[in-house]
Amino acid sequence: MMDNKLQFIDLADSRGLKNDRPGIAHFEYSYKAEITNVYPLTATEKLYQIQIIDPKERENFNFKPGQFVMLELPGIGEAPFSISSSPIRHGDLELCIRGVGKMTNFLDRVQRGTRVGISGPFGTHFPVDKMMGNDILLIAGGLGIVPLRSPIMSVLENRSRYGRVDIIYGAREPLELLFTYQYGMWKQFDINLDIIVDKADDKWTGPVGLITEILQKRIDSGSYDDFRKKTYAIVCGPPVMFQFVCDMLTRAGLPMERMFVSLERRMHCGRGKCCRCNIGSTYTCIEGPVFDYWSVLNLKEAI
Amino acid sequence: MIFKIFQASEVETLFELLSVNRIVGPVEKGRHVNGSTLYDFDVVYDFKDLKLDYGQTIHSAKNYFLPYRENLCTFTFENNDWQKHVDFGAYQAHVFFGLHPCDINALNKLDKVLMGDLYPNPFYGAKRSNMFIVGHSCLPTPSCFCHSMGADSVLGGFDLFLTRMEDEYMAEVRSARAYHILERLETREATHEDHLLFRKTASEKRSLFTCEVDTSDLTKILDMEFESEVWKEWGDRCLSCGTCANVCPTCYCYGVEQEVNMDFSHARKVKQLYSCNLVDFAEVAGGHNFRPESSTRLKYRYYHKHRGFVEAYEESLCVGCGRCGEACLADITVPEVIASVRGSEK
Ligand SMILES: Cc1cc2nc3c(=O)[nH]c(=O)nc-3n(C[C@H](O)[C@H](O)[C@H](O)COP(=O)(O)OP(=O)(O)OC[C@H]3O[C@@H](n4cnc5c(N)ncnc54)[C@H](O)[C@@H]3O)c2cc1C
Ligand code: SF4
Ligand code: SF4
Ligand code: FES
C-alpha cells in the first residue's frame, strides 16, 4: 500500500535560509551586520553605524529615503527603525535610536563590534525623485528628524535639482536637538534651516515657541501659487503636530497629495503578516510608513 | 471537474487507504453542559473515532498550519558571533479528513495573505503544501451563517470533496493524487439523476440556515458607523480575552518574542498567535496605546474582517463558521454585532 503514502513536498528546498529575495526562503533571512560605531547624540538617543558584513550583500542593499529596516539582536528582540543615512551608502547604514524599551535599552549598552541582524528595507518611501524641480519643505518635530535625515541627504546630494529647500525643526529643549553637528553643512548647501524650541536654556539664542510660528513665516514669504504648483512637503513628528502642520499647509494652497508623513505603529514582522501595525486595516509596514496626507485622512484611527 | 459516485460505506475504505498517512479529522471531545456533543479536530487513528456528521468543532484546524506557538528561528552563540538556523516546521504530509466548506474557504483566504506575492510565509506555506484535504458536506448549525458570507460551498483548495446524498457520496475530484486514490474504491460515474439530486441537496441545505448577516454595502456602512455608540456597548461587554481569535479559522495575527537559554549558548525567536482584542496589541514602547479601549479593539477586529480584507481581496475574512460567537464568554456574536451596527436590531 505504499503508493498511498503522500509524498512530502519540500517547499523551499529543505529547511533553511536563503538570500534569494523575493523567494520564499528569504522570509526569515537577515543580513549579518556589525555595529561599527556608536555616537551618543543626546541623553537618550544614539547614532549607530551599522555595516552589512558581506561586501556583496552590502553593495546590493538598496533602499529609498523613508524606508525602514528590522534590526535584530539575537536573544533580545527585533524592532523597526527608519534608515537615517543616505541611499548612496547602501548597506553602510546609520540608525538613530532612542532607548525606550527592552531592546533599545539593551542597545544603549552595546559595544562597537557587536553583531546584529538586519532585514529589509521595508515599506514605502518619500518620492524624492518626483520632487525634483520643486521647492521642498521638510518639517520635523522631536524624533521626527530621524526619518527626515535620509531625504535631507538625498536632496543635498542632488542640490541643483531642487528649488528652494527649507528645514523647520522643533524640539522641546536645546539639549534634545539631534544632529547638531550637521546644521552648518546643511546651511552651506543653501538650505534654510530654522530651529525652534519650546523651552530655552542659558545658551540658547534661537527662537522659542511653536513650530507653527516659523511655518507661518515661511508661508507668508511664498505665494499661494508656488504652494499650489511647485512645492512638496515632508512632515514627521507626533500625530497632533503633523495634523496641525498639514492643515496649515493645506490652507496655504499645498495639495494634500504633495504632503508626506511617516506614521509609527507597533511592528512585529515588517512583512504584512502579524497585523500589529494595522491602522483600521491598512498595513503600516507595507502601505506605509510613508503616506501622503490624503491617504492619512482616509485612514480611520490614523490621528 | 470530475465527479464520482460511491456508496456511503466506502468512505471507510477511503479512510483506510489514506491511513498510511497522519490523518486529522473531527472527533468527539466530551459534552457541553446543555448535553450536546462537543467536537474538535485531532489526529485520528481509527475510523470509528472520525465523526463525519459533526456540526461544528470548537476550534478550527489552524493549529496544524498556523501553530499557536512556533519557532521562527534559533540562534547559536559562539566567539562573540551568532548563527541563525531556520526550520519551517513541516516534516510530513497530513490528510485533513472531513473539513467543511467554511474551513476550506478559510484556508483559501489565508493563502491570499500568507502565500501571495508579497513576502510569502514559508512556515505556513510548507505546511499548506503538504495538506491533502478531503472536504465533507455539512448541515447548518444554529450559529453558523456561512451562507451569508458566501462560504457555504467551496470552489477549490481541496483534493476531494464529498457531498452526502442519501446513501451515497458525490465526490468532486480536484487533484491527480485524489483521482488515483479513488481508483481503488468502487465508484461509478455521476448520472443526470445524481446532478439533480446534488442540486436538491444543496437547496435543502440552504433552507436550513437560521442565522444570517446582511453584508450588502457593509464596507461603507462600517465607515459611516465608525463613531457609532453601539461599538461602545459591545466594548463594555467584551472581556478582551482573545478567545474569539483563538477559535477563528482566519485570525492569523501574531507577536514575536525572543528567549535566551540559561547558559547563553542558544536563543529562540518564537512566534505566538495573538488577538487584536488583547489590551497591548497596538501598544508601543513608552506606553502609548493606539487602541486603549476594549471597544476600539473589538471594532478593529470587525474592521479587519469585514472591511479591510474586502477592500483588498473583494471578499470578507469571516467565513461565518460561528465559532467565535459560540466560544465567547460575553455572548458576542458576529450576526448580532453587524445587525446592531446596521441599526437593524430587533
Ligand atoms: C517605521 C518605524 C520607524 C521607526 N524608526 C525609529 C527610529 O528611527 N528611531 C527610534 O528610536 N525608534 C524608531 N521607531 C520606534 C521603535 O521601533 C521602537 O522604539 C522600538 O520598537 C522599541 O523596542 P523595544 O524592544 O525597546 O521596546 P519594547 O517596549 O520592549 O517593545 C517590544 C516590541 O514591541 C514592538 N514595539 C514596541 N514599540 C514599538 C514602536 N514604537 N514601533 C514599532 N514597534 C514597537 C517591537 O516589535 C518591540 O521589539 C520606529 C518605529 C516604526 C514603526
Ligand atoms: S468578543 Fe468575546 S471572545 Fe472575543 S475578546 Fe471579547 S469577550 Fe473574548
Ligand atoms: S469571525 Fe467568527 S464566524 Fe467569522 S470566521 Fe472567525 S470564528 Fe468564524
Ligand atoms: S509589522 Fe507585521 S503586519 Fe506590519
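Predicted model: local features only at pLDDT ≥ 70, side-chain atom pairs only at ≥ 80, totals over all residues.
**Close-up 1**

**Close-up 2. Ligand 3 has its own shell, with 13 residues around it.** The space ligand 3 takes is the second largest cavity. Two helices of chain B, α9 (294-313) and α10 (323-327), are the elements that each give two or more residues to this shell. Who gets closest to ligand 3? The closest residues are B:Cys248, B:Cys318, B:Cys321, B:Gly322 and B:Cys324. By class, the shell around ligand 3 splits into eight nonpolar, two polar and three charged residues.

**Close-up 3. Over to chain A, built from eight helices and 14 strands.** Chain A has a radius of gyration of 21 Å, close to the 19 Å that the globule rule gives for 303 residues, so chain A is as compact as a globular protein of that length. Its C-alpha atoms fill a box of roughly 85 × 40 × 35 Å along the principal axes.

**Close-up 4. Inside chain A, 56% of the 303 residues are buried.** Now take the contacts in chain A between residues at least 6 apart in sequence: 67% of them join residues at least 24 apart.

How values were computed:
Residues numbered from 1 in each chain as written. Chains lettered and ligands numbered in written order. Heavy atoms only, no water. Near = heavy atom within 4 Å. 1 Å grid on protein atoms, 1.4 Å probe; cavity = no way out; pocket = protein on both sides within 12 Å on 5 of 7 lines; lining within 4 Å. Sits in = over half its atoms within 2 Å of the grid points. Helix = DSSP H or I, 4+ residues; strand = E, 2+ residues; numbered from the N terminus. Nonpolar A, V, L, I, M, F, W, Y, C, P; charged D, E, K, R; others polar. Rg over C-alpha atoms; globule rule 2.2 N^0.38 Å. Buried < 20%, exposed > 50% of the residue type's maximum accessible area, 1.4 Å probe, protein only. Contact = heavy atoms within 4.5 Å.
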